[in-house]
Amino acid sequence: MRGTCRLHSRQVPPRLRAGGTCREESTMRRSLPVLLSVVLSTVAVVGLHSSAATATPAAADATGRAAAASSGTVVHRWFTGTLAAGATTNGRWRNVVTDHAFHVSLSPVGASTSNACRFKVTRVWNEQRPEGNKDFWYTIQNIGSIACAANVMVYMIPGAIVRSTGGIAPGGTKQFVESAVDDWKIYRLGLLPSGSTSSDPCKLEVTRVRYTHRFQGDVATVFDVAYEVKNVGSITCQGDVVLGSTPIEHSWSIGALAPNSQRTEHWNNAPAATAFVPGVQPDLGCELELTGSHDLQLIDSSNGTAEREVHLTAKNVDTKTCDGKYTLASI
């Protein structure tokens, strides 16, 4: 079954076009260009069975360069094992390919008819080790109310280096903007830290991403992505920014949001074997931020069927009421 849109607790009848595109009936119109939030988006990708797991977190320390990947290609998979509610675990992909961004996809398992299993990637960061190799790190958390587990798959998304951060002191943050980015795509930001010493790694993290849709000249409109890079290590260092992208496939209306307000909605009946990259798409003259995403498994109490949902939270960071779209790309 293709995915459908569910807004909060009420079912909104979507119009499903070819390819499973899901939009609100009252706001059906041609999608605008789209940008992806880098921070913390995660969606389920493998089957809803613990038997699908093939590795452990320690085994995630594999050599990335040995696995050539195209857009949407999984480079590693592992199983978290059972985590208590609120517990976290870290994963790492070693020796990253320098012209790719990375995406972590989760598939929760272990829900009951009374409690969903909920997992989220709470942060991602990049590190250059003292010997010079670069690693991609991420933290996974059980954000639900029961002990359960998740299958994890790490994807590489092709991109290109767009800028250097310049030197950033420990704890310091720099802000950047990529202007007039390509439309009809969702974006992921990757980092390639440099400047580690013989004893200290360089650690950089994208901590916030915002999206603007604005006029350029009298009639043209463009999208910009603004983001912040933070030095989360102990030495001053720098890095290059990689901008990766994948085409948009699904979108539906966020609805009007007052300044500084946010709303969480979800895509339900999501195919268990598909990874989704989440994003937001502001209307013209607006600025939005994807402040979070998570995925869950729930069990239908009437027939025992497992269902997967992808949840997205959009925030209006503009000074006026704004609208826009939630967006998803499958890889």
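Student: Which residues do ring pairs link into a cluster?
Tutor: First, a word on the source: this is a predicted model, where local features need pLDDT of at least 70, side-chain atom pairs count only at pLDDT 80 or more, and totals for chains, interfaces and linings use all residues. Residues are numbered from 1 along each chain as its sequence is written, and side-chain values use heavy atoms, with hydrogens and water left out. Rings of Phe, Tyr and Trp (its six-membered ring) pair if their centres lie within 6.5 Å; planes under 30 degrees apart count as stacked, over 60 as edge-to-face and the rest as tilted. The cluster joined by such pairs consists of Phe102, Phe136 and Tyr138.

Student: How many aromatic pairs does a search of the whole structure find, and what is the pair of phenylalanine 102 and phenylalanine 136?
Tutor: The search of the whole structure gives six aromatic pairs. In the pair of phenylalanine 102 and phenylalanine 136, the ring centres are 5.1 Å apart and the planes are at 20 degrees, so this pair is stacked.

Student: Is phenylalanine 136 buried or exposed?
Tutor: Buried means under 20% relative accessible area, exposed over 50%, and partly exposed in between (1.4 Å probe, protein chains only). Phenylalanine 136 has 4% relative accessibility, so phenylalanine 136 counts as buried.

Student: Which residues are linked with Asp135 in a network of salt bridges?
Tutor: A salt bridge is a side-chain nitrogen of Lys or Arg within 4 Å of a carboxyl oxygen of Asp or Glu. Aspartate 135 meets arginine 92 in one (3.2 Å, N to O), and arginine 129 in another (2.7 Å, N to O). Both aspartate 135 and arginine 92 are buried, and arginine 129 is buried as well. The network links Asp135 with Arg92, Arg129 and Glu131.

Student: Over which ring does the charged end of arginine 123 sit?
Tutor: A charge sits over a ring if NZ of Lys or CZ of Arg is within 6 Å of the ring centre and within 35 degrees of the ring normal. For arginine 123, the charged end is 4.0 Å from the centre of the ring, and that ring belongs to tryptophan 125.

Student: With which residue does arginine 123 form a salt bridge?
Tutor: Side chains of opposite charge can pair when their charged atoms come close. Here the closest N and O atoms are 2.6 Å apart, and the partner of arginine 123 is glutamate 205.
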